[in-house]
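Please open the model in a viewer and keep the sequence panel beside it.

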Amino acid sequence: MTARNRDGTGSADAAVHRPASNRAPLAAVRGGDDTIAAIATAPGRGAIALVRVSGTDAEEIAGRTVAPWPTAPRAATLATIREPATGAPIDRALVTRFEQGRSFTGEPMVEISTHGGAVSAALVLAALVQAGARQALPGEFTRRAVMNGKLTLAQGEAIGDIIDATSRSAQRLALDALDGGLVRRVLALRDALLEVEALIAYDIDFPEEDDGPIAPERVTRSAGRVAGMLDALIATAPAGELVREGALVVLAGPPNAGKSSLFNALLGDARALVTPIPGTTRDAIEAVIDAPGLPLRLVDTAGLRDSAESIERLGIEVSERYLARAQVVLACGELAEEIAATRQRITALSDAPVIDVLTKQDLPQLRSGAREAREREETRAIRVSAETGEGLDRLIARIEETLASSIAAVAPDTPVVTRARHLATLRTARAEIGEFLRAWETGELPGPVIAVHLRTAVAALEELVGVVDTDDVLDRVFRSFCVGK
Ligand SMILES: Nc1nc2c(ncn2[C@@H]2O[C@H](COP(=O)(O)OP(=O)(O)OP(=O)(O)O)[C@@H](O)[C@H]2O)c(=O)[nH]1
Ligand SMILES: [Mg+2]
């Protein structure tokens, strides 16, 4: 039990701990100075559940319930977990301890893999609380990892995004963010701005240097470069939003065109009602499919026609509202003429790109129609059958191509901005640099006044990453401009 060498009075930081009772809960969370515990796995029936403990006293607290205590850190040890008060066994579990600085939170941590199900993990958590841990608040482990410098704020957010991802593409982007691509880019831009600030500061502090004043174009060029790179990042936001939210793909066409059948076939699920009666679908039905590149929010709508019937008319109005928001429209019809009529009908309603979809292509009479259509060079239409599944993959690929070409292409090495918070800070930084450049070029205001814009831009970028450290400007003055030169 060598790891548990604290007796509660000898620890170096014990003096700064206020008693738990007069600690405001939020202050305790921010300070991260108590020991927290939580069940980290989702509730429900499963093979294993994970209980985590983190904080200065994690080992001491867990040691009151775990025996034998793991001798080596980061090595799973089979142990019995016991109730601290009575010593009654609760579960057999694998216990792993992580030392300070070498854990997810950066604090001493213990992870206990209990049996799954409703009871074991809850009992182990209760035992840990009895032994002195506090139940963690949502996100508190990641928050501590950020506060202890194990993760940047943006990486902490990325972990949340990985957990919340509902599509492969959203998960992939979040994983890239966890890898720190955006953070590295933003920090590089911040550094470039600090260099500009340093140029100006140097100009102010050492106007009499032999080299003469700093050429104003040098400042303009450097700040302009940062502005350009911020523009490139900001331009990825629509792609990021598509991945996060999914692209709205609306099926449109005359009644009985096979829209609901196609919708169901694409989903692989009988969600929408299908009947031979034209006008079956009344309300819009929405469902998400996890396409390889992007999540697609498919919407089945009421067939478009001039109808006097009031409920159908309401359904058609709903279709029209969806069409106005669509990012891609699938103009569905059994025949090229129907598709042409649908295109005609929706021109006033939607600016979205339209993909022609010839439906029911398993029916021989329609196949021959398709052949004629081919002869008339109407070959852009995708021929599908909800019955046989023909053409569905091609249709998805076409939808993805269409979306890719309608949003600004993301340069291959540019991290994609997916969060509104990030976009807002990037826009703030960009606007401040714009203000700075305008003021610098007119030269009407003194350098220190103009430099305030750079400071604000730097602060915005730091806010994105979650860097709280402030004043490296002076360091940089002397690093990049050796006074002895
Ligand atoms: N053979 C064949 N029949 C299909 C196919 N797709 C749809 N149908 C039939 O066509 C009829 C209409 O299909 P729906 O999917 O309800 O058509 P819809 O466009 O949703 O019609 P509304 O909701 O009335 O606008 C049904 O009888 C379907 O079984 C297909 O790929 N092959
Ligand atoms: Mg329908």
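A crossing is called left-handed if the near helix is turned anticlockwise from the far one by less than a right angle, and right-handed if it is turned clockwise. Helices (H or I, at least four residues) and strands (E, at least two) are DSSP runs, numbered from the N terminus. The model is predicted: local features need pLDDT of at least 70 and side-chain atom pairs count only at pLDDT 80 or more, whereas totals for chains, interfaces and linings use all residues. Residues are numbered from 1 along each chain as its sequence is written, while chains are lettered from A and ligands numbered from 1 in the order in which they are written.

**First stop: α15 and α16**

Select residues 420-442, helix α15, and residues 447-465, helix α16; the two pack at an angle of about 165° with their axes 8 Å apart. Axes are lines fitted to C-alpha atoms, for helices over the stretch in contact, and angles run from 0 to 180 degrees between N-to-C directions. The angle makes α15 roughly antiparallel to α16; angles under 35 degrees count as roughly parallel, over 145 as roughly antiparallel, 65 to 115 as roughly perpendicular and the rest as oblique. Their crossing is left-handed. To display the contact (C-beta atoms, placed from the backbone, within 7 Å), show residues including Leu426, Ile433 and Phe436 of α15 and Ile450, Leu454 and Leu461 of α16. The residues of this contact divide into 12 nonpolar, 5 polar and 3 charged. In this count Ala, Val, Leu, Ile, Met, Phe, Trp, Tyr, Cys and Pro are nonpolar, Asp, Glu, Lys and Arg are charged, and the others, Gly among them, are polar.

**Second stop: α8 against α15**

The contact of α8 with α15 comprises 15 nonpolar, 3 polar and 4 charged residues.

Next select residues 168-179 (α6) and 237-245 (α9), which pack at about 125° with their axes 7 Å apart. This angle makes α6 oblique to α9. Ser169, Ala170 and Leu173 of α6 make the contact with Gly240, Val243 and Arg244 of α9. By class, the contact residues are 3 nonpolar, 2 polar and 1 charged.

Inspect β2 (residues 48-54) and β6 (residues 109-115), which pair in the antiparallel sense over 7 bridges; Val53 has Val110 in β6 as its bridge partner. Then select Pro68 in the loop between β3 and β4: the peptide bond from Ala67 to Pro68 is cis, with omega near -5°.

Strands β11 (residues 328-333) and β12 (residues 354-358) run parallel and are joined by 5 bridges; Cys332 stands opposite Val357 in β12. In the loop between β8 and α10, select Asn256, whose phi is near 75°, a positive value in a residue other than glycine. Most residues other than glycine have a negative phi, and most peptide bonds are trans.

**Last stop: ligand 1**

Finally, select ligand 1 and its surroundings: 24 residues surround this ligand, the closest being Gly258, Ser260, Ser261, Thr281 and Gly303. A residue is near a molecule if its C-beta atom, placed from the backbone, lies within 6 Å of it. The shell divides into 8 nonpolar, 12 polar and 4 charged residues.

Methods
Two residues are in contact if their C-beta atoms, placed from the backbone, lie within 7 Å. Two strands pair if DSSP finds at least two bridges between them.
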